[in-house]
Amino acid sequence: MPGPVTIRALGFALLAIAPALSACSSVIPDAGGGRVETTPRPAPAPIPSPAPTPTGSTRPYTPRPSESGTVAAKPIPATPRATLAAPPVPASATTAAEAGVIAGPEYADLGISAAQASAALAAFRLSCPSVMRRADVSGLTQNADWNDSCNAAKDWRDSDAAAFFTRYFGTVQVGAGTAFVTGYYEPEIAGSRTKRAGYDIPIYRRPADLIDVDLGQFSDDLKGKKIRGRVEGSNFVRYYDRGAIERGALEGRGLEIAWAADAAEFFFLQIQGSGRLRLPDGEVMRIGYDTQNGRDYVGIGKLLADRGELKSGQTSMQGILDYLRADPVRGAAVMNENPSWVFFREIVGPGPLGALGVPVTGRSSVAADPKYTPLGAPVFLSLDRAEPNGLWIAQDTGGAIRGANRFDSFWGAGNDARAIAGGMAGRGSALLLLPRTSIARLIRR
């Protein structure tokens with residue numbers, strides 16, 4: 001950021017199954033959504049590093065007894081459509097165009113319900129202004145390809161959405177077409193605008209000394225590489241990690257925009273990158289991703305599973321929360337094994353916003369890797385879990401959402417959304433819906 005606030009697109013299932021998200025710790029991980037500010041800021045006077053805390057002195061947190069973990073929704077099994085036979089994907093492929101696409105079935109053969117189509121059309125319409133001016137790095141579409149569908153969507157009746165998608169879109173499979181889908185949602189946790197009894201977990205805005213550097217400005221060999229850190233004396237060093245921030249590295253600087261009641265709930269809200277604070281007076285304060293400290297995200301669920309501390313059935317968000325709360329000292333230490341820290345800003349107006357700068361819609365929006373899925377494109381999912389099956393619109397991105405046919409489904413807010421997203425992990429097949437002009441250019445029969 002700055003710019004549109006983006007919601008975090010990282011399903012909780014990834015906490016248990018995803019490895020560390022970045023292979024190079026010096027490169028900014030996309031830990032908070034689609035857009036990351038890349039303009040370096042002037043550095044203020046350096047701030048000394050906090051003194052190290054002796055081993056074993058991690059500050060425990062106090063779980064709120066009233067905050068009980070929602071039970072993960074029981075999966076509804078389904079039989080996914082088979083993927084289409086496709087040539088092997090070149091090992092050097094880094095985009096959808098390089099991975100290769102093959103023509104898929106017509107829209108009418110997908111079995112999409114009228115309600116799904118109507119909701120997808122409404123979400124697609126919101127995306128159009130951004131889609132028509134955004135460069136598509138997947139290599140599949142050009143801006144002009146979207147003109148006809150976006151112009152038609154302005155006045156097309158949602159109730160006749162099936163006719164819209166049939167007329168303007170065809171389907172393609174990217175690479176092997178094998179899909180993996182997780183889930184995310186907009187959490188709501190207890191919070192306060194001011195520090196008070198029971199609300200003592202700071203929620204920080206972006207610090208002025210957190211600097212982004214585009215390394216491509218210094219060497220052509222480093223194009224596309226960015227680092228994030230701070231100035232200490234005459235050196236550029238890594239920014240404080242989670243442990244240092246928990247030990248007070250940012251205290252006394254007036255960076256708090258609010259205070260959370262439960263550290264574990266706030267930890268998961270940081271993973272989501274956006275959420276709601278339920279204030280003591282019942283009002284709601286919405287916060288969204290501002291930036292991240294430049295440290296790699298580490299999935300604590302995977303760490304715990306690898307150590308044998310989480311058993312089968314415990315690797316959902318709800319299971320991990322139970323583990324953290326069972327022993328607050330141990331829980332605080334485990335959370336600090338993820339060095340990533342997310343900074344927030346207050347959101348006023350519609351939200352949460354996705355990577356396209358428009359609100360994402362529960363049960364209609366997915367996060368995708370823009371190198372393999374044009375943002376704004378409709379996506380058809382057919383998985384071994386029935387809940388995500390159907391039509392979605394790619395409107396967001398996320399640090400763990402990498403590669404072809406990898407999606408994170410957004411379920412909205414509330415207990416139902418939390419229950420579904422917290423344990424979502426579906427496998428099957430995926431198709432992209434692309435403008436017919438794009439398909440004609442990509443696939444010459």
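Biologist: Why is Phe169 called buried?

Modeller: This is a predicted model, to begin with. Phe169 has a relative accessibility of 1%, and buried means under 20%, so Phe169 counts as buried.

Biologist: And what about Phe165, buried or exposed?

Modeller: Phe165 is at 0%. The limit is under 20%, so Phe165 is buried as well.

Biologist: What makes Phe165 and Phe169 a tilted pair?

Modeller: Their centres are 5.8 Å apart, and rings pair if the centres lie within 6.5 Å. The planes make 45 degrees; stacked needs under 30 and edge-to-face over 60, so the rest, tilted, is what remains. Phe165 and Phe169 also belong to a cluster linked by ring pairs, together with Tyr107, Phe124, Trp146, Trp156, Phe164 and Tyr168. In total, the structure holds 19 aromatic pairs.

Biologist: What makes the pair of Tyr239 and Phe343 edge-to-face?

Modeller: The planes are at 80 degrees, and the label applies over 60. The centres are 6.4 Å apart, and the limit is 6.5 Å, so the rings count as a pair.

Biologist: Why do you say that this pair ties together parts that are apart in sequence?

Modeller: Tyr239 lies in the loop between strand E8 (235–238) and helix H6 (242–246), while Phe343 is in strand E12 (residues 342–346), so the pair links parts 104 residues apart in sequence. Tyr239 is buried at 0% relative accessibility, and Phe343 is buried with a relative accessible area of 0%.

Biologist: How do you know that the charged end of Arg330 sits over the ring of Tyr323?

Modeller: The distance from the ring centre is 3.9 Å, and the cut-off is within 6 Å, along with a limit of 35 degrees from the ring normal. Arg427 has its charged end over the ring of Phe180, 4.3 Å from the centre.

Biologist: Why is one side of E6 and of E8 left without a neighbour?

Modeller: In the open sheet E6-E7-E8, with antiparallel pairing, strand E6 (211–214) and E8 stand at the edges with a single partner strand each, so one side of each has no neighbour in the sheet. From one strand to the next, the twist averages 55 degrees. Strand E7 (residues 226–232) and E8 are paired over 4 bridges, against a requirement of at least two. Glu232 stands opposite Asn235 in E8.

Biologist: Now the loops. Why is Thr315 called partly exposed?

Modeller: Thr315 has a relative accessible area of 28%. Buried is under 20% and exposed is over 50%, with partly exposed in between, so that is the label for Thr315. Thr315 lies in the loop between helix H8 (300–306) and H9. The C-alpha atoms of Thr315 and Gly423 are separated by 7.9 Å, though these residues are 108 apart along the chain.

Biologist: What makes the phi of Arg363 something to point out?

Modeller: Phi of Arg363 is near 70 degrees, a positive value in a residue other than glycine.

Definitions and conventions: Residues are numbered from 1 along each chain as its sequence is written. This is a predicted model: local features need pLDDT of at least 70, side-chain atom pairs count only at pLDDT 80 or more; totals for chains, interfaces and linings use all residues. Side-chain values use heavy atoms; hydrogens and water are left out. Rings of Phe, Tyr and Trp (its six-membered ring) pair if their centres lie within 6.5 Å; planes under 30 degrees apart count as stacked, over 60 as edge-to-face and the rest as tilted. Buried means under 20% relative accessible area, exposed over 50%, partly exposed in between (1.4 Å probe, protein chains only). Helices (H or I, at least four residues) and strands (E, at least two) are DSSP runs, numbered from the N terminus. Axes are lines fitted to C-alpha atoms, for helices over the stretch in contact, and angles run from 0 to 180 degrees between N-to-C directions.
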